[in-house]
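Hi,

Here is the model I promised to pass on. My notes follow below it.

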Amino acid sequence: MSAENGAGHRAVTSAGHGAVSGAERRAGRREWTGFGVLMLPLLLVSMDVSVLYFAVPFLSRELRPTGTEQLWIFDIYGFVLAGLLITMGALGDRIGRRRLLLIGAVAFGAASLLAAYAGSAELLILARALLGVGGATLMPSTLGLIRAMFRDERERGKAIAIWTAAMTGGIAIGPVLSGLLLEHFWWGSVFLINLPAMALLVLLGPVVLPEHRSPTAGGFDVLSSVLSLATILPVIYGIKELARNGLAVVPVLAIVLGVGFGAAFLRRQRRRPQPMLDLALFRRPAFAGSLLVNVLGMFALVGFAIFTTQYLQLVAGMSPLRAALWSVLPTVVVGGVAPLAAALAARTNRAYVMAGGFLVAAGGFALLTRVPAEAGLWVLLTGATGYAAGVVAVLSLVTDVVLGEAPPDRAGTVSGLLESATEFAGALGMALLGSVGTAVYRRDMGGPLPGLPAAAAAPARETLAGAYTVAGTLPADAAAALLRAARSAFLAGLHAAAVVALLVMLLAAGLCLLLRRAHAAGRPGSPAPADTPAGRAGSAAPADTPAGRAGSPAPAGRAGSAAPADTTAAAAPTGAVAGEAPVDAVTER
């Protein structure tokens with residue numbers, strides 16, 4: 001019923017036969033080779049978030065989109081991606097994560113080809129939407145497969161640290177690669193770079209990646225999928241519109257509508273015997289607390305990025321490509337932080353490392369409150385490196401905690417939930433921190449602007465970019481005076497946003513310390529506290545807790561539910577090693 005693979009652990013069939021011994025938990029060459037293949041879709045999906053940054057002038061010249069169409073070209077990818085993450089994670093748990101990954105790779109490649117040769121703005125919007133569908137299948141599938149391939153906690157932490165660094169690097173590299181391609185090729189080339197990687201994934205995936213699916217997931221809940229989409233899309237849309245255009249009726253109504261659908265989604269999950277999203281997970285302090293920590297980290301990381309970009313281009317006067325190259329500099333440092341955090345977490349309580357990461361990020365934001373108007377580039381870059389390094393260190397550990405707390409047969413769904421929370425946090429950060437910066441800018445620019453008529457002064461009082469537009473119509477002395485005032489107002493807004501982000505980082509550090517007992521329960525050899533499932537009667541213990549290891553009794557499961565596959569069930573087949581029953585359905589081919 002089971003066959004040995006190159007990593008030294010048995011393959012588990014969809015019927016749940018086979019077992020994994022304690023000595024065979026460690027990953028081998030095959031798992032790490034498969035992990036390398038999984039980095040391909042991760043890099044491309046993260047790059048596609050930012051790859052169009054420099055292509056706007058080319059798109060405008062070739063396709064002539066309206067202002068609304070141009071916004072949708074940028075936004076539709078993120079909207080569809082965020083809206084479908086939970087759905088695709090749940091689908092992967094049911095049909096197999098490798099299968100969904102390969103389907104998504106084909107879809108992503110086909111959509112990339114369509115986008116590259118789109119002859120109209122409408123067709124490009126459609127192609128970007130299809131890219132979002134493909135991306136939504138790839139992201140949770142990669143994390144779900146990592147959860148299943150790396151059973152050893154330390155190895156999984158190392159793999160997730162590399163995963164986090166690759167995702168961060170992809171977002172940073174996207175604009176640079178886009179700028180380099182546009183120097184030599186037409187705008188569609190920024191999409192064609194996806195094709196070789198997707199082809200390689202389709203060819204190598206069936207060879208080096210095992211299949212994983214949940215043996216107890218049941219049928220796919222279409223209505224829950226629709227409700228989750230109807231929850232996330234209006235909320236993300238509303239938050240982004242508030243960040244872009246300020247308070248208005250339509251985005252507020254969109255958020256209210258999304259919240260209403262969210263309430264219906266949660267009600268359905270509570271009532272179904274096999275829900276798409278198991279709400280019992282949120283009663284685990286480490287799980288719920290880590291999701292909240294993830295939101296706070298991404299709130300600051302994404303929300304402040306717009307200030308850094310504007311400073312480089314509008315205050316420091318750099319071209320988009322030069323600004324992108326300078327922005328990569330912090331990424332070089334940040335890339336080594338996630339593995340370092342994983343190594344530290346293997347030696348001490350994760351909560352202390354996460355709190356330390358947030359304190360480092362707070363130090364970076366503190367430095368950003370002192371960025372001067374003149375010669376402030378290195379102050380800005382040092383502060384940005386500090387906050388990015390601190391937050392990325394935390395996010396790599398958060399991902400490990402969330403996946404470790406989740407039952408392995410729900411890894412895809414939980415991965416989708418984590419990525420959805422990330423999208424929500426980024427949009428919220430841009431909205432709130434952006435609003436703080438804008439409010440301070442408008443306050444400081446609210447006084448009289450000598451030499452400017454009211455009609456010309458209005459755009460200058462709105463944004464720094466507007467001030468540059470107005471300055472281009474003025475005599476040299478008046479333009480210089482206006483830009484000095486606008487830069488000073490922008491920096492005041494940047495400083496205020498940095499103060500808010502600093503306070504959020506301190507709050508997050510305190511939350512991590514409050515959760516230190518819950519995080520301690522996840523370390524090897526630590527007893528499960530009373531507030532975790534292993535300490536509650538009638539709850540299923542995940543495989544990574546002592547209840548799932550040899551010498552501990554298997555829980556009976558919830559009333560009316562079958563015992564989950566990741567417990568030491570008495571019905572384990574003859575020859576199975578005690579304490580290590582299959583975590584979910586695995587087939588090697």
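Which residues have the most contacts inside the largest nonpolar core? They are L124, F191, F304, F365, Y387 and M505, in a core of 157 residues. Helix α19 (residues 476–514) gives the most to this core, with 18 residues. By nonpolar core I mean buried Ala, Val, Leu, Ile, Met, Phe, Trp, Tyr and Cys joined through side-chain atoms within 4.5 Å; buried is under 20% relative accessible area, exposed over 50%, and partly exposed in between (1.4 Å probe, protein chains only).

Before you dig in: this is a predicted model, where local features need pLDDT of at least 70 and side-chain atom pairs count only at pLDDT 80 or more, while totals for chains, interfaces and linings use all residues. Numbering runs from 1 along each chain as its sequence is written, and side-chain values use heavy atoms, leaving out hydrogens and water.

Next, α5 (residues 121–149): 24 of its 29 residues are buried. From first C-alpha to last, α5 reaches 42 Å, close to the 42 Å expected at 1.5 Å a residue (1.5 Å times one less than the number of residues). Helices here are DSSP runs of H or I, at least four residues, numbered from the N terminus.

As for salt bridges (a Lys or Arg side-chain nitrogen within 4 Å of an Asp or Glu carboxyl oxygen), the whole structure has one. It joins the side chains of D444 and R443 at 2.8 Å, N to O. D444 is partly exposed at 37% relative accessibility, and R443 is exposed at 59%.

Finally, F185 sits in the loop between α6 (153–184) and α7 (189–192).

Cheers

Definitions and conventions: Helix = DSSP H or I, 4+ residues; strand = E, 2+ residues; numbered from the N terminus.
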